[in-house]
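Keep the view open as you read.

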Amino acid sequence: SLVILVAIESALVRPYFLAFLNSFSGGPRHGSQYLVDSNIDWGQDLDRLGKELRQRGIGEVALVYFGTAEAEPALPNRIHLPTSDEPDQIRDFHGVAAISVTALLSRDRSYAWLRPLTPTTVVGYSIFVYDLR
């Protein structure tokens, strides 16, 4: 029955409950097609991002995220991520960029230059990571 399906889906998305969407809507991997802001993104994946970067041997990251969580404990080596208004800096950027879905899809299009690119990975369904080295 539907109750069993919801229970199974909830168990499978653990520990990423904030990003939960049922399979009829495409599941949490497609959450950014429907939701942004506090519906999917609170900076809750910063610790996971830090672990992912350390596992990959990445010591420096250009980070932009939505939320109030402190990034420094998990990500002490941050560099500037160019905005769409900085074409020279975009051209010269050769690093790893990590951007939360809300910042990536913001109405002001500050980071729209990243949208056509395929992320290297997505951490916790809310932070897109692009290796542009």
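## The big picture

Of the protein's 133 residues, 39% count as buried, where buried means under 20% relative accessible area, exposed over 50% and partly exposed in between (1.4 Å probe, protein chains only). Bear in mind that this is a predicted model: local features need pLDDT of at least 70, side-chain atom pairs count only at pLDDT 80 or more, and totals for chains, interfaces and linings use all residues. Residues are numbered from 1 along each chain as its sequence is written, and side-chain values use heavy atoms, with hydrogens and water left out.

The protein exposes about 7,900 Å², and carbon and sulfur atoms supply 54% of that; accessible areas come from the Shrake-Rupley method with a 1.4 Å probe, and for residues only the protein chains shown count as cover. Take the contacts between residues at least 6 apart in sequence: 57% of them join residues at least 24 apart. Contact here means heavy atoms within 4.5 Å.

## Order of the elements

There are four helices and five strands, both taken as DSSP runs numbered from the N terminus (helices are H or I with at least four residues, strands are E with at least two). Go along the sequence and you read α-α-β-β-α-β-α-β-β.

Two strands pair if DSSP finds at least two bridges between them. As a reminder, strands of a sheet pair through backbone hydrogen bonds, either parallel or antiparallel.

Start with β1: two bridges link β1 to β2 in parallel, with valine 61 partnered by arginine 78 of β2. β1 also pairs with β3 in the parallel sense, over three bridges. In that pairing alanine 62 has alanine 97 of β3 as its bridge partner, and valine 64 has isoleucine 99. Strand β3 (residues 96-100) and strand β5 (residues 127-131) run antiparallel, joined by five bridges. There, valine 96 stands opposite aspartate 131, while isoleucine 99 stands opposite phenylalanine 128.

## Buried strands and a helix across them

Is β3 enclosed or open? Five of its five residues are buried, so β3 is largely enclosed by the rest of the structure. Val96, Ala98 and Ser100 point one way from β3, and Ala97 and Ile99 point the other way. On β1, Val61 and Leu63 point one way and Ala62 and Val64 the other, and all of these are buried too.

The largest nonpolar core has 15 residues, and Leu49, Leu63 and Leu75 have the most contacts inside it. A nonpolar core is a set of buried Ala, Val, Leu, Ile, Met, Phe, Trp, Tyr and Cys residues joined through side-chain atoms within 4.5 Å. Two or more residues come from each of α2, β1, β3 and β5, and α2 gives the largest share, three residues.

Now look at the loop between α4 (101-104) and β4 (121-123), where serine 110 is found. Setting aside neighbours within four places in sequence, serine 110 is in contact with Thr83 and Ser84.

Arginine 109 is in this loop between α4 and β4 as well. Its phi is near 60°, a positive value in a residue other than glycine. Arginine 109 counts as partly exposed because its relative accessibility is 46%.
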